[in-house]
Amino acid sequence: MTLPSPSPEPALLAAVDLGSNSFHMVVAQEWGTELRLLDRLREGVRLAEGLGEDGSLDPKVASRALECLARFAQRLQGVPPERVRVIGTNTLRLATRAEDFVAAIQKTLGFPVEIVAGREEARLIYLGVAHSLAVDAGERRLVIDIGGGSTEVIAGTGFQPWITESLSYGCVGSTRKFFADGRITEAAMAALQNRVRLAIEPSLGDYFRHGWDQAIGSSGTIKAVLRILGENGLGSRITPTGLEWLREQVLQLGQISALHKLRGLKAERAAVFPGGLAILLALFASLRIQEMRFSEGALREGAIYDLLGRIHHEDSRELSIANLQQRFHSQVQRNAEVTEWAVRLFAAARHVWGLHDGHLAWLRWAAATHDIGLDIAHSGFHKHGEYIWRNADIAGFSRREQNLIACLVRCQRKKLLSLSQLQAFGVAAEDAEPLQQLAVLLRLAIVLQRGAAGLAHTPTLTIRGRTLELRFPADWRAVAPLLAADLEQEQGLVGPDFQVLF
């Protein structure tokens, strides 16, 4: 008798959201075409409370955060590294003097941290919300997520976000700034509402032109507002009438310390509630929202679904590369040939230099977009390309990835940047050497694409340490004299760090 083989162990995925108010973790199970959420963990850390004006982080707040993540780490044991995403948002974007803290996060969790730009945060939030709702490819949605350090406002259709804005107002930071003495006054509430309305005003036309069939809120502030309204008999949706009633209740209590008297408001939310409420009031007024429902889906769920797309070769980053090429009028066919050369050279260097698939992805993305700076000016186009990569909102990419690809694009011509120069450009010490190696491969790929087309045989590459030897057919100099001249020039530009022989 043959026993049936056991069912395969379902693959796990996980996402950790390092929010400015709360840390969240979602663990999911991929089973066939389904994704089942197994665990949701949340702890109120209020990271934004520890952010100093100089970009440093208070050690007590950092310690509180790491204690939370140590507990998260226990649940992440056994999840493959390539199936985990750790996302840092507004506070980590602003924490310019918190490198040690980020390193400690990575050591505690055992996974790298992706610090994302505001619009990438908005994209992931929309993705999480859209997947939490009934699928309707044609439904237009307005999604608002009030976090601890920022507020994301997104308009989209189905699963596709079209307008993604991130406002630098969140419940933690705004409560600290506008209600610093613990008093909740009409003047402070109005001042914060006016600031938020000024921040959203330049984009209002875009939102109204897109329109929406329903408005949806996500995350803690909106969930708290909905709970309060429900427990006080004001319905199962958030409306302008309900919000105005809630505003009056909060103003009558007058003190953050008295908000525990408000039926339905949890004690841990009270400390940051006035700022979040004022932001929501401002957005309801500016966007003329008549009704809002709540979604449990948010950034961490969006990160899970985005990760699932990467695993199954539906990577949003590849679409962003295509969009960059179109926007900046790249020579797509030529760049595809440069990428082919880069991949071929990478194969020769991979084991000698200890490179991995992540490095190959950086090289491919840089090769595919190395010419985008030409759309600005030919002179210094490598610097223009670097600027675009470093500063644009590019969907799917973390700030670290954008910075690394920016440096690769910068290094495609002129004198090769040294390891210390790369670190001065914001490249981490552990990334500097492989980035410099990838830059040499990119430079050679560009030269070979330009000059090796007429050769009888494809040149091969052998690497020994930092010496790269290209081997050509016997008559190659006569057939491709410009290629020989390009390579001679490269010898001087990449030395003394690397030696190129041919």
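**Exercise 1. In which sense do β6 and strand β9 (residues 214-218) pair, and over how many bridges?**

Solution. Start with the ground rules. This is a predicted model, in which local features need pLDDT of at least 70, side-chain atom pairs count only at pLDDT 80 or more, and totals for chains, interfaces and linings use all residues. Residues are numbered from 1 along each chain as its sequence is written, and side-chain values use heavy atoms, with hydrogens and water left out.

Step 1. Helices (H or I, at least four residues) and strands (E, at least two) are DSSP runs, numbered from the N terminus. Two strands pair if DSSP finds at least two bridges between them.

Step 2. Read the pairing. β6 and β9 are parallel, with 5 bridges. Within this pairing, I144 stands opposite G217 of β9.

Step 3. Turn to the other partner. Strand β7 (residues 151-157) runs antiparallel to β6, and 7 bridges join them. L142 has A155 in β7 as its bridge partner. A hairpin of 4 residues connects β6 to β7.

Step 4. Check the cover. Buried means under 20% relative accessible area, exposed over 50%, partly exposed in between (1.4 Å probe, protein chains only). Strand β6 (residues 140-146) is mostly covered, with 6 of its 7 residues buried.

**Exercise 2. Give the strand order of the open sheet of 5 strands, and find its edges.**

Solution. Step 1. The order is β3-β2-β1-β4-β5, and the pairing is mixed.

Step 1. The edges are β3 (34-44) and β5 (113-115), each pairing on one side only.

Step 2. From one strand to the next, the twist averages 20°. For angles, axes are lines fitted to C-alpha atoms, for helices over the stretch in contact, and angles run from 0 to 180 degrees between N-to-C directions.

Step 3. Look at one pair. Strand β2 (residues 22-31) and β3 run antiparallel, joined by 10 bridges. V26 has R40 in β3 as its bridge partner.

**Exercise 3. Compare the reach of helix α11 with its expected span.**

Solution. Step 1. Helix α11 (residues 273-287) has 15 residues. The expected span is 1.5 Å times one less than the number of residues.

Step 1. From first C-alpha to last, α11 reaches 21 Å, close to the 21 Å expected.

Step 2. Of its 15 residues, 14 are buried, so α11 counts as mostly covered. R288 follows α11 and has a positive phi, near 55°.

**Exercise 4. Describe the overall build of the protein chain.**

Solution. Step 1. The chain holds 21 helices and 13 strands. Of its 502 residues, 55% are buried.

Step 1. The radius of gyration is taken over C-alpha atoms; the globule rule is 2.2 Å times the number of residues to the power 0.38. A compact globule of 502 residues would come near 23 Å, and the chain's 26 Å agrees. The C-alpha atoms fill a box of roughly 90 × 75 × 45 Å along the principal axes.

Step 2. Contact means heavy atoms within 4.5 Å. Among contacts between residues at least 6 apart in sequence, 69% join residues at least 24 apart.
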